[in-house]
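Here are a few exercises on rings and backbone angles. Try each one on the structure before you read the solution.

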Amino acid sequence: MTEHRFTYDYIRDPAAIYEKSFSTVASEVDFGGIPKDLARMITRIIHACGMTEIFNELAYSEDVVVSATKALNSGGTVFCDCEMVRRGIISRFLPDDVDVICTLNDETVPNLAKEIGTTRSAAAIELWRPHLENSVVVIGNAPTALFHLLEMVEQGAPKPAAIIGFPVGFVGAAESKQALHEAQIGVPYVTLLGRKGGSAMAAGALNGISIGLKDKS
């Protein structure tokens with residue numbers, strides 16, 4: 001009996017895959033007038049979702065990369081709202097003294113959520129309060145986490161150096177990102193307006209920022 005093996009024609013070389021991916025983004029997105037550091041971050045966000053059309057839905061502060069880079073270079077903590085974001089961050093791009101932390105599964109969070117009447121994702125943000133200054137916050141899942149962070153800062157909590165806000169879904173996602181976009185809290189940010197978002201894009205934004213640190217080393 002003859003064994004039939006199917007062979008597909010596809011690129012197998014990792015370097016070639018990355019090169020073609022990023023060149024595709026460059027060919028489909030007009031980065032004219034956008035600084036190189038912002039273009040690199042945006043390219044990583046688009047690469048994470050495969051949708052060049054989101055370019056026009058992105059909202060960001062012009063200094064978000066500069067502010068985040070300064071924080072990371074000085075050992076600022078990266079806070080993530082969920083483990084998927086934390087796992088998506090490429091640690092080798094980061095300075096050795098930067099910690100990447102997710103507090104969602106801290107044993108104190110369930111009781112804290114009941115105490116303050118909110119979700120575990122939002123309650124977990126409370127544990128960041130003493131360490132928010134000079135941090136980079138990366139939110140890729142829970143709208144309640146982003147809402148709660150904004151409430152904390154507006155009520156006087158220390159300000160992070162940058163907020164990467166990409167919560168996703170049908171309940172509160174668009175609203176929380178609009179709130180970030182409109183907030184007058186003096187914190188640089190990047191977000192994707194509307195329902196789209198997710199951990200891959202949030203981590204991709206941070207990776208797009210942090211890979212630049214190695215480029216300058």
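**Exercise 1.** Is Asn134 buried, partly exposed or exposed? Then take a look at its backbone.

*Solution.* Keep in mind that this is a predicted model. The relative accessible area of Asn134 is 30%. Buried needs a value under 20% and exposed one over 50%, so Asn134 is partly exposed. Next, find its place: Asn134 sits in the loop between H6 and S4. Finally, check phi: Asn134 has a positive value of about 70 degrees, though it is not a glycine. As background, most residues other than glycine have a negative phi.

**Exercise 2.** Classify the ring pair Phe31 and Phe55, one of three aromatic pairs in the whole structure.

*Solution.* The ring centres of Phe31 and Phe55 are 5.8 Å apart, and the planes make an angle of 80 degrees. Edge-to-face takes over 60 degrees, so this pair is edge-to-face. Now locate the partners: Phe31 is in the loop between helix H1 and helix H2, Phe55 in the loop between H2 and strand S1, so the pair ties together parts 24 residues apart in sequence. Both Phe31 and Phe55 are buried.

Technical notes. Residues numbered from 1 in each chain as written. Predicted model: local features only at pLDDT ≥ 70, side-chain atom pairs only at ≥ 80, totals over all residues. Heavy atoms only, no water. Phe/Tyr/Trp six-rings, centres within 6.5 Å; stacked < 30°, edge-to-face > 60°. Helix = DSSP H or I, 4+ residues; strand = E, 2+ residues; numbered from the N terminus. Buried < 20%, exposed > 50% of the residue type's maximum accessible area, 1.4 Å probe, protein only.
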